[in-house]
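Hello,

Here is the structure I promised to pass on. Please open it and read my notes alongside.

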Amino acid sequence: ISHIGTKLATTIGFPCAAGLYLLADPIMRLLSPSYTPQEHALSVQLLGLMAFAIIFLSVTQTTNGILQGFNKPMLPVLSLGIGAVVKIVLNYTLIAVPQINICGAAIGSIACYAVAAVINVYNVSKQSGKAFSAGQIVLRPLLAALGMALVVYGLRELLTPRLGTMTAMVVCIAAGVGVYGVLIIVLKVITQREMRWLP
């Protein structure tokens, strides 16, 4: 069950991260239409960076629950503590660099959750006594997300000049969901046996 839970985390996290990265511009136009061009450009850059944190955050949250199920509640605390130290060091170092500035905080957050996710996955594997399959948990969901991302990117470039930013974004989201749904079936990201474990 821990294997399925972790796979579901990446299966959801990868497409969410890809979609948020590719559609950061229209999302920020929708959420903050009053931004100046400079503020908008910075917000798009930050949102695009933080999109990568979704992958690691989803794995961290899922494995936190798994480790608590193993009656090891201090292990997630330890992994997040180590991640927080990494974040503080990176924030202090990177924000002071003029070329990076506030983006350093986003990079620190990504590193924080990446460290916590890696430590958690190691601990879950150790507690369950079963090694995780990188192909099943990472490679196949990643390939499906990349296929979806190519479709979304192509539609964004094709439709935005013709339909406008907001309409194109809606079409891209709908198409992305459909394409990803097909790809996780074709690539057998979630098997029929695993589907029976889902509520």
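A nonpolar core is a set of buried Ala, Val, Leu, Ile, Met, Phe, Trp, Tyr and Cys residues joined through side-chain atoms within 4.5 Å. Buried means under 20% relative accessible area, with a 1.4 Å probe and protein chains only.

This is a predicted model: local features need pLDDT of at least 70, side-chain atom pairs count only at pLDDT 80 or more, and totals for chains, interfaces and linings use all residues. Residues are numbered from 1 along each chain as its sequence is written, and side-chain values use heavy atoms, without hydrogens and water.

The core: the largest one has 21 residues. Leu 23, Ile 27, Leu 47, Met 148, Val 152 and Tyr 180 touch the most other members. Helices H1 (2–22), H2 (24–31), H3 (37–69), H6 (134–163) and H7 (165–186) each give two or more residues. Helices here are DSSP runs (H or I, at least four residues), numbered from the N terminus. H6 gives the most, with 5 residues.

The H6 and H7 pair: they pack at about 155°, with axes 8 Å apart. Axes are lines fitted to C-alpha atoms over the stretch in contact, and angles run from 0 to 180 degrees between N-to-C directions. H6 is therefore roughly antiparallel to H7 (angles over 145 degrees count as such). Contact means heavy atoms within 4.5 Å. Among the residues that meet are Met 148 and Val 152 in H6, and Tyr 180 in H7.

The H4 (74–94) and H5 (103–128) pair: these helices also pack at about 155°, with axes 8 Å apart. They are therefore roughly antiparallel to each other.

Best wishes

Note on methods. Buried means under 20% relative accessible area, exposed over 50%, partly exposed in between (1.4 Å probe, protein chains only). Angles under 35 degrees count as roughly parallel, over 145 as roughly antiparallel, 65 to 115 as roughly perpendicular and the rest as oblique.
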